[in-house]
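Have a look at the model first, and then read on.

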Amino acid sequence: MKTKLNFSEKLDKAGIYLSTICLVHCLVLPVLLATLPFVSFLAFMKSPITETLMIVFAIFNAVLAVTLNFKKHYNLIVPAFFGSGMILLMLNFFAHNLVSQNEYIITLGALLIGVGHYINHKLCDTCPKCTNE
């Protein structure tokens, strides 16, 4: 079993962590802001800039991870998860005023991207082209 991670595996690990952070951010932050209104330093977490940066990092990392690894194992389930998650993230970003349940949409998008990274990581563990690097 190999112990050193290559670049694409590091991207998947980072993507799993970023998606988890995004998921926690989307689920916990509204509760914290509602129950702890005196904690004003958390307000920056709900700012459009913070959410935009999180979405940009998630999409950039997902595109990079899927393009590097899809050329090796050609499994369509990974781009399907990434694509679905990115569509939901972009839908929330561009139409957040039109969609009433945007927390659910962005949470599902982050979850799909995280699952895509996890599947991609597991595929690379079993793929001979990925493990020979």
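## Helices H3 and H4

The axes of H3 and H4 lie 8 Å apart, and the two helices pack at an angle of about 155°. That makes H3 roughly antiparallel to H4, since angles over 145 degrees count as roughly antiparallel, under 35 as roughly parallel, 65 to 115 as roughly perpendicular and the rest as oblique. Axes here are lines fitted to C-alpha atoms, for helices over the stretch in contact, with angles from 0 to 180 degrees between N-to-C directions.

The crossing of H3 and H4 is left-handed, a term for a near helix turned anticlockwise from the far one by less than a right angle. By class, their contact has 17 nonpolar, eight polar and no charged residues. Nonpolar covers Ala, Val, Leu, Ile, Met, Phe, Trp, Tyr, Cys and Pro, charged covers Asp, Glu, Lys and Arg, and the others, Gly among them, are polar.

## About the model and the fold

This is a predicted model, in which local features need pLDDT of at least 70 and side-chain atom pairs count only at pLDDT 80 or more, while totals for chains, interfaces and linings use all residues. Residues are numbered from 1 along each chain as its sequence is written, and side-chain values use heavy atoms, with hydrogens and water left out.

The chain has five helices and zero strands. Helices (H or I, at least four residues) and strands (E, at least two) are DSSP runs numbered from the N terminus. Of the 133 residues in the chain, 38% are buried, meaning under 20% relative accessible area with a 1.4 Å probe and protein chains only; exposed is over 50%, and partly exposed lies in between.

## Helix H2 and its partners

H2 and H3 pack with their axes 10 Å apart at an angle of about 160°, and they are therefore roughly antiparallel to each other. The crossing of H2 and H3 is left-handed. Their contact (heavy atoms within 4.5 Å) includes Thr52, Ile55 and Phe70 of H2 and Pro79, Met90 and Phe93 of H3. By class, the contact of H2 with H3 has 14 nonpolar, two polar and no charged residues.

The axes of H2 and H4 come within 11 Å and cross at roughly 30°, which makes H2 roughly parallel to H4. This crossing of H2 and H4 is also described as left-handed. Seven nonpolar, five polar and no charged residues take part in the contact of H2 with H4.

## The nonpolar core

Which residues make up the largest nonpolar core? There are 12 in all: Ile55, Ala58, Ile59, Ala62, Val66, Val78, Phe82, Met86, Leu89, Ile106, Ile113 and Leu123. Such a core is a set of buried Ala, Val, Leu, Ile, Met, Phe, Trp, Tyr and Cys residues joined through side-chain atoms within 4.5 Å. Helix H2 (48-73), helix H3 (77-95) and H4 each supply at least two of the core residues, and H2 gives the most, with five.

Leaving aside residues up to four places away in sequence, Asn120 touches Asp12, Ala65, Asn69, His73, Val78 and Phe82.

Tyr118 is also found in helix H4 (residues 102-126). Tyr118 counts as partly exposed because its relative accessibility is 47%.
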